[in-house]
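Subject: Structure handover

Hello,

Here is the structure I promised. Please open it alongside this note; what I found follows below.

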Amino acid sequence: MSNTARHRMAELTNEIRDHQFKYHVLDAPTITDSEFDGLLRELTALEAKYPELREADSPTLGIGGGFATSFTQHDHIEKMMSLDNVFDRDELSGWFDRVEKEILKPTYLCELKVDGLAINLTYENGQLIRGLTRGNGVTGEDVTLNVKTIKNLPHTLKGKDIPALIEVRGEVFFPLAAFNELNDGLEELGKPLFANPRNAAAGSLRQKDPRVTAARPLSIVVHGIGARKGIEFESQSGAYAVLKGLGLPTSDRLKVCSTRLEVEKYIEHYGRHRHDIEHEIDGVVIKVDSIAEQSQLGFTSRAPKWAIAYKYPPEEVTTRLLDIKVSIGRTGRVTPFAFMEPVKVAGSTVTNATLHNASEIIRKGVLIGDIVVIRKAGDVIPEVLGPVIERRTGTEVEFIMPTHCPECGSPLRAMSDGDVDIRCPNAQSCPAQLRERIYYIGSRAALDIDVLGYEAAAALLDAKIITDESDLFDLTKEKLATSEFFTKKDGELGLNVEKLLAALTKAKNAPLWRVLVALSIRHVGPTAAQALAAHCGSIEKISTSTAEELAEIDGVGATIAESIIEWFSIDWHQEIISKWTAAGVRVTQEASVQLPQTLSGLTFVVTGGLESYTRDSIAETILAHGGKAASAVSKKTDYVLVGSDPGSKLAKAGELGIPVIDEAKFKELLAGA
């Protein structure tokens, strides 16, 4: 049995080291975090059973990531430990038991486990002298110049009681809003996308040219202390308060808990709200708060006994790609998607994931039959990140893009030169496009019509209650009674009928820009629609304007102008406008309710999250007070309004010397200051 164990332990050791190299050096992991944790736990269990077989340099004794790169290596003053993980309440309870066996009634500190890149910062006499990656816990890579480009990290500590020396541990991360903005920009340029914010943070911090790092809106949060001289702490929470006073970025989401139940409630809360946070998290870290009690509990060779990471279910998993199919969107765009063996990710079972377009399939090198890594975050549709090439068997086959629409049989084609997407040109009667357009009209992005979801849209079309969107505002109880979807088993109308009709009536008075968005004119999103509504004032004016006139409108431009001209040139599109107008849908801009035009002549660009406004409502507020809401920073921009976790627009404002204001200053301008 010992020979079998020896063989398996050797296999696990080599496999773990290989994955550590791919993760820490190449930034290209081929398995998920949960799979890696499983390998490490298996090796740990075998070593516990056969301690005589454990190697002196076993991965279970180290931190991982200690591989030579092109960066200068430098030792940490005090070893930078890792954390042990637990994955369920029973394992967490076991950790509590071990702690409370040594400590009577400990107080715990809970904080979020940021999914980023671990960093060690050394300050001497208040000056930042060095930034190191974790490396192997003893030696890290010197990324000082790159770390100094992070905007919320002070180069000099503030206050009177500055320690002679302090090592501060933290996590560098890429804010989600900025990450999505970065990937959108890369996609527009046809460049490869980052797989996730953690990779984007690691790739950005490990650039040879600090100017590249500076162009990326990285952020940092500190969560620990290493070596120190001239300063001491009684508790972890007290240390964070001191660090905050020194000007360092600490989390405002930590909580001191006196009982296990409080800790469990904290874990449950952020398990439900993990996607409401500006950065990604993969769990919660629980620490004994008292520094004296931490010392009493001590360390293992790799991790403190006084801290544990509770890991949430993984959001990246592997599964087999059974087939690649295509879906047709509301503008006819053909999007390939992966059909996979069912797998649980982020708390739900999925079988489909997006592959974006044919070019992305080629770039990612995905074959039908591959084991693939998929990712899901929040309510976003799962995405295939790439194949696990090492697990190929030779039976995988290449995907061939269809030449005809799978729904209506029309030949597929690119709609313009250089278009990476192919589309179904049968916009009027393609069943897939009709369903998607009706569904989109009911979405929050457009007219926000209660009950008009995807199933309702399909039911209306399947029962031939409507032929296209032009019939939508002519719905009646009698018409809806012909569909089983809108009736009960006894034939009576369901409650959703009243809700739908009431929502349709309310939608008739929606702002003009929302009506424009609901028409699914290619390239016309909320920003362009708001600009069109404010400038033209009516659909009639928009439809009779020339491409040149439309292109001159701020927030529109030549591409959108051409798309608008093309849309209004089609007869059945004009029929939609006629029927909606006859049904009472407002197709003119609502007269201003005498709001003071305090922002008249000013152009704003908004980046980051605001406390008092949604993305749509801030644009509506600017427009209602006479201002312009633009989507990109240019020399014509008067102010860049910055919220939490701003994107690259903030850096652009700095380059162009555009004034940057916060929400409070915006409200002053709004009030006429």
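Contact here means heavy atoms within 4.5 Å. This is a predicted model: local features need pLDDT of at least 70, side-chain atom pairs count only at pLDDT 80 or more, and totals for chains, interfaces and linings use all residues. Residues are numbered from 1 along each chain as its sequence is written, and side-chain values use heavy atoms, with hydrogens and water left out. Helices (H or I, at least four residues) and strands (E, at least two) are DSSP runs, numbered from the N terminus.

Helix α20

Helix α20 covers residues 557–568. Buried means under 20% relative accessible area, exposed over 50%, partly exposed in between (1.4 Å probe, protein chains only). The buried residues of α20 are I560, A561, S563, I564, W567 and F568. Seen down the helix axis, they fall within an arc of 160° (taken from the directions from the axis to the C-beta atoms), so they line one face. They pack against α17, α18, α19 and α21. T559 and E562, on the other side of α20, are exposed.

I422 and β16

I422 sits in the loop between β16 and α12. At 22% relative accessibility, I422 is partly exposed. Beyond its neighbours within four places in sequence, I422 contacts residues including G332, M401 and L412. In β16, 4 of the 5 residues are buried. Strands β15 and β16 pair in the antiparallel sense over 4 bridges; pairing requires at least two DSSP bridges.

Best wishes

Key: The expected span of a helix is 1.5 Å times one less than its number of residues.
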